[in-house]
Amino acid sequence: ACVFDAGGQILGTVGVLRDLTEQVATQRRLIQREKLASLGEMAAGMAHEIRNPLGGIKMATNLLSSGAVDDRRISQEMAQSIMSGIAEIEAIIADLLDYARETRLECQEYALGRVLAPVVEASTAEAARRGVRVEAVRLDDELVAAVDGPRLRQVFANVVKNAVEAAERTPDARVTVTLYRRHAAAVIEIVDNGVGIEPEHREKIFLPFYTTKPTGTGLGMAIVKKIMDLHGGEIDIDSVPGRGTTVRLVIPRSPVPAAVEVG
Ligand SMILES: Nc1ncnc2c1ncn2[C@@H]1O[C@H](COP(=O)(O)OP(=O)(O)O)[C@@H](O)[C@H]1O
Ligand SMILES: [Mg+2]
């Protein structure tokens, strides 16, 4: 790239500029390729999620239209299973749009304890049925932050649900939710004594459609990440496979910057 002659300096600069341009172009191509790769991964995940219920719908529809089912009760049951397959697909699409749609937060001052408490309460009964005890300890009632309450509630619900699902086969399964202050931030900590996350999967859990569960959609943590990013917040995860996981949602209490870019 270096040229040494009378016009050396100028030529040199031109050379360097071209090098830089090439570097930028290479960088762009790399980013583009990564984007395409993750788009491909996402499309594959979505296809997989939708194929399951679709398979059921197809089978039931085939049987019904073949005329082989003459029992009215059975045909009604099959129609119902078709309906629930359709509902499942609709839920996947709703979650996907939630993830993909451009989201504008509507922030107001909220006592975070009051955003969190109903989520814990709502999950207790379902968790108990799965043999998991959900407890809120020390929900600091004074802790106020400018947040989008309903969106944040969705974040808490998704994380608590994962914690319950991770712990459900553990003896003395427990999920503990804590809210406390750390410097200028509020921290919501969700601790479970469940299966844990292997270190090599730690980064993947935020990818849309990444799931290790037979009936999971893999959209929960992708939505959590998006909403936390919009709040200028952070997600820390400590996990020991076979022992359990701690998820810390860190929410800044200073005003959120006007525009947060989320890619
Ligand atoms: N508390 C947790 N303990 C263990 N694994 C977890 C936990 N939270 C998330 N994961 C892992 O991250 C994956 C993605 O989570 P999520 O996006 O909510 O999708 P889903 O719950 O539908 O599988 C889960 O399938 C699971 O493997
Ligand atoms: Mg989940």
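A residue counts as buried here when its relative accessible area is under 20%. By that cut-off, 34% of the 263 residues in this protein are buried. Keep in mind that we're looking at a predicted model. Here's a quick tour, starting with the overall fold and moving on to the core and the sheet.

**Overall fold**

- The protein has five helices and seven strands.
- Going along the sequence, those elements come in the pattern α-α-β-α-β-β-α-β-β-α-β-β.
- Take the contacts between residues at least 6 apart in sequence: 70% of them link residues at least 24 apart.
- As for the surface, the accessible area is about 16,400 Å², and carbon and sulfur atoms account for 56% of it.

**The nonpolar core**

- In soluble globular proteins, nonpolar side chains tend to be buried together.
- In this model, the largest nonpolar core contains 49 residues.
- Leu 152, Phe 156, Ile 188, Ile 190 and Leu 249 are the ones with the most contacts inside that core.
- The top contributor to this core is helix H4 (residues 149-167), which supplies eight residues.
- Both domain 1 (11-100) and domain 2 (108-252) put at least three residues into this core.

- Strands of a sheet pair through backbone hydrogen bonds, either parallel or antiparallel.
- Five strands make up an open sheet here, ordered E2-E4-E5-E7-E6, with mixed pairing.
- Strand E2 (132-139) and strand E6 (234-240) sit at the edges with a single partner strand each, so each has one side with no neighbour in the sheet.
- From one strand to the next, the twist averages 15°.
- E2 runs parallel to its partner, strand E4 (residues 173-182), and the two are paired over seven bridges.
- Leu 139 is found opposite Leu 179 in E4.

**Helices on the sheet**

Methods:
Residues numbered from 1 in each chain as written. Chains lettered and ligands numbered in written order. Predicted model: local features only at pLDDT ≥ 70, side-chain atom pairs only at ≥ 80, totals over all residues. Heavy atoms only, no water. Helix = DSSP H or I, 4+ residues; strand = E, 2+ residues; numbered from the N terminus. Buried < 20%, exposed > 50% of the residue type's maximum accessible area, 1.4 Å probe, protein only. Contact = heavy atoms within 4.5 Å. Areas by Shrake-Rupley, 256 points an atom, 1.4 Å probe, with all protein chains shown as cover. Core = buried A, V, L, I, M, F, W, Y, C linked by side-chain atoms within 4.5 Å. Domains from an automatic or database assignment. Pairing = 2+ DSSP bridges. Axes fitted to C-alpha atoms, helices over the stretch in contact; angles between N-to-C directions.
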